[in-house]
Amino acid sequence: MNEMTPLPCATSARSGKQARGLHVITWGCQMNVYDSERMTDVLRPLGYEAVDAPDRADMIILNTCHIRDRAAEKVFSELGRLRLVKEARAQAGQQTVLAVAGCVAQAEGREILARAPYVDIVLGPQTYHRLPEMVARAARAAGAVIETDFPVEQKFDFLPPEREVPEGGAAFLTIQEGCDKFCSFCVVPYTRGAEASRPVAAVLEEARRLVAHGVREITLLGQNVNAYHGEGPDGATWDLARLATELADRVGVERIRYTTSHPRDMGDGLIAAHRDLPALMPFLHLPVQSGSDRILAAMNRGHTAQEYRDLVVRLRAARPDLALSSDFIVGHPGETDEDFEQTMQLIRDVGFAQAYSFKYSPRPGTPASNAGAQVPEDVKDARLQRLQALLREQQDAFNAASVGQRVRVLFTGRGRKPGQISGKSPYLQAVHVEGPDSLIGQVAEVDIVKLYTNSLGGVLTGETERA
Ligand code: 5AD
Ligand code: SF4
């Protein structure tokens with residue numbers, strides 16, 4: 001997968017008193033958000049502190065995403081803007097190191113340096129631990145640095161153990177990276193490399209530290225997170241079910257989520273974990289992409305539509321309150337009206353609480369990009385509109401059904417209005433209530449009383465789980 005939920009993401013920004021400012025611009029999935037945080041961590045010992053404006057930054061990192069169309073164009077236009085910042089700072093006698101990271105850097109490193117020679121560093125997702133060395137070299141040398149090879153060592157092993165703990169009680173933790181599945185449309189196996197799992201001990205240590213700092217909810221991340229097979233301290237290989245059990249039972253993580261999963265790796269053990277572990281949240285992102293067997297085969301997904309339906313039945317039998325989210329692509333090469341109708345039918349049959357849907361866009365170097373029978377743009381548009389209308393209907397119905405329910409909400413921050421705090425339900429619905437700031441980072445019981453377009457309003461019941 002990068003079946004990571006694509007989320008356009010703002011800069012992580014805090015102003016610092018340190019001598020050097022770091023401004024990270026993050027595009028793409030949660031994996032990129034995590035990577036941006038880790039890059040900030042590895043640069044902290046060099047004296048870099050996050051700043052919220054590029055013109056105050058001695059180093060700017062553009063962390064890019066390649067998953068869909070026009071990624072390179074978007075990067076070049078952003079770089080054009082950053083070039084002006086760099087030039088203005090140079091006139092004031094300040095040096096700025098400009099780095100491009102992430103999947104576009106991986107795929108188009110040389111092109112970036114050719115078209116944007118003012119870029120100092122281009123680094124792929126496997127080399128972030130080398131960032132301090134690259135920064136030192138870039139600051140010294142006039143020439144730009146390219147670092148997009150896949151090193152033999154795992155970058156996980158080189159990241160510093162300390163990481164800043166986010167406020168609000170929820171954190172991401174990468175446990176697996178890369179993908180060996182080679183779906184026809186996807187760049188991830190080429191940009192993120194082969195599937196690799198982080199050793200169990202390292203994951204547990206990071207999780208323990210997060211919990212000790214008050215983190216209540218951990219989302220385990222990986223492009224193919226349920227293919228996790230980390231080396232355990234006992235020498236055995238641990239799967240995700242075993243890891244989640246350990247995190248819930250021994251580390252004391254109250255809420256566990258994982259994303260993104262592939263239906264092929266949804267084993268019996270993991271399904272049983274949904275039955276046995278209350279800490280495993282009853283909300284699962286399980287991309288299916290299409291409901292047509294012909295297209296699923298062309299996509300190299302490795303399962304049929306019926307197998308997906310059966311899997312959902314087994315999951316719901318294990319955890320009756322489970323809700324699903326998914327990713328869909330319309331207009332994959334060869335997709336006919338009939339194929340598309342089968343996708344619509346699968347959506348009606350399964351019912352999704354939430355979903356992301358995309359028009360197919362060819363990624364250079366992937367098998368689908370030079371397949372015949374590309375679907376015309378206007379057909380893709382029309383299909384996407386119908387698909388999104390159906391998914392929106394299901395999402396609205398799911399949210400409407402929450403009104404009148406009592407749910408446990410993890411409060412992650414202040415709301416928009418004074419006196420309001422916001423958090424998320426077990427189903428990642430945004431919930432707003434009138435409540436004290438002291439509840440931020442805590443789980444409290446809420447009666448849902450109101451439905452807004454993209455969120456819910458509630459009232460505290462007075463019942464709070466203390467950390
Ligand atoms: N075109 C359209 N959507 C894509 N995705 C991945 N690659 C492409 C592509 N070439 C979507 C898939 C994946 C999600 C993260 O992005 O649905 O699950
Ligand atoms: Fe996900 Fe398939 Fe891409 Fe792997 S190749 S990241 S399974 S979409």
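**Sheets, helix contacts and a pocket**

Reader: How many bridges join strand 14 to strand 15?
Author: Strand 14 and strand 15 (residues 323-330) run parallel; helices (H or I, at least four residues) and strands (E, at least two) are DSSP runs numbered from the N terminus. Two strands pair if DSSP finds at least two bridges between them. Leu284 stands opposite Leu324 in strand 15. The number of bridges joining strand 14 to strand 15 is three.

Reader: What kind of model is this?
Author: Residues are numbered from 1 along each chain as its sequence is written, while chains are lettered from A and ligands numbered from 1 in the order in which they are written. Local features need pLDDT of at least 70, side-chain atom pairs count only at pLDDT 80 or more, and totals for chains, interfaces and linings use all residues, with side-chain values using heavy atoms and leaving out hydrogens and water, for this is a predicted model.

Reader: Is helix 11 roughly parallel or roughly antiparallel to helix 12?
Author: The axes of helix 11 (residues 337-350) and helix 12 (residues 377-402) come within 10 Å and cross at roughly 5°. Angles under 35 degrees count as roughly parallel, over 145 as roughly antiparallel, 65 to 115 as roughly perpendicular and the rest as oblique. The orientation of helix 11 to helix 12 is therefore roughly parallel.

Reader: How many residues of the contact of helix 11 with helix 12 are nonpolar?
Author: Helix 11 contributes residues including Phe340, Met344 and Ile347, and helix 12 contributes residues including Leu387, Leu390 and Leu391; contact means heavy atoms within 4.5 Å. Ala, Val, Leu, Ile, Met, Phe, Trp, Tyr, Cys and Pro count as nonpolar, Asp, Glu, Lys and Arg as charged, and the others, Gly among them, as polar. The contact of helix 11 with helix 12 has two polar and five charged residues, and its nonpolar residues number six.

Reader: How far apart are the axes of helix 8 and helix 10?
Author: Helix 8 (residues 268-276) and helix 10 (residues 305-318) pack at an angle of about 35°. Asp268, Ile271, His274 and Arg275 of helix 8 meet Leu311, Arg314, Leu315 and Ala318 of helix 10. By class, this contact has four nonpolar, one polar and three charged residues. The distance between the axes of helix 8 and helix 10 is 7 Å.

Reader: What is the average twist of the sheet with the order 7-10-13?
Author: This open sheet has three strands with parallel pairing. Strand 7 (170-174) and strand 13 (255-259) each have a single partner strand, so one side of each is left without a neighbour in the sheet. From one strand to the next, the twist averages 25°.

Reader: Which residue stands opposite Glu217?
Author: Strand 10 (residues 217-221) and strand 13 pair in the parallel sense over five bridges. Helix 7 (residues 240-251) lies across both strand 10 and strand 13. In strand 13, the residue opposite Glu217 is Arg255.

Reader: Which residue in the turn between strand 18 and strand 19 has a positive phi?
Author: Five bridges join strand 18 (residues 420-424) to strand 19 (residues 430-434), and these strands run antiparallel. Ile421 stands opposite Val433 in strand 19. The two strands form a hairpin with five residues between them, and the turn residue with a positive phi, of about 60°, is Leu428.

Reader: How much space lies in the second largest pocket?
Author: On a 1 Å grid over the protein atoms alone, a pocket is an open set of points where a 1.4 Å probe fits, with protein on both sides within 12 Å along at least five of seven lines, whereas a cavity is a set from which the probe cannot get out; lining residues have an atom within 4 Å of a point. Grid points are joined across faces, edges and corners, and a volume is the space filled by probe spheres set on the points. The second largest pocket is lined by 19 residues, of which Pro282, Asp321, Val407, Pro426 and Tyr427 lie nearest its centre. The space in the second largest pocket is about 330 Å³.

Definitions and conventions. Axes are lines fitted to C-alpha atoms, for helices over the stretch in contact, and angles run from 0 to 180 degrees between N-to-C directions.
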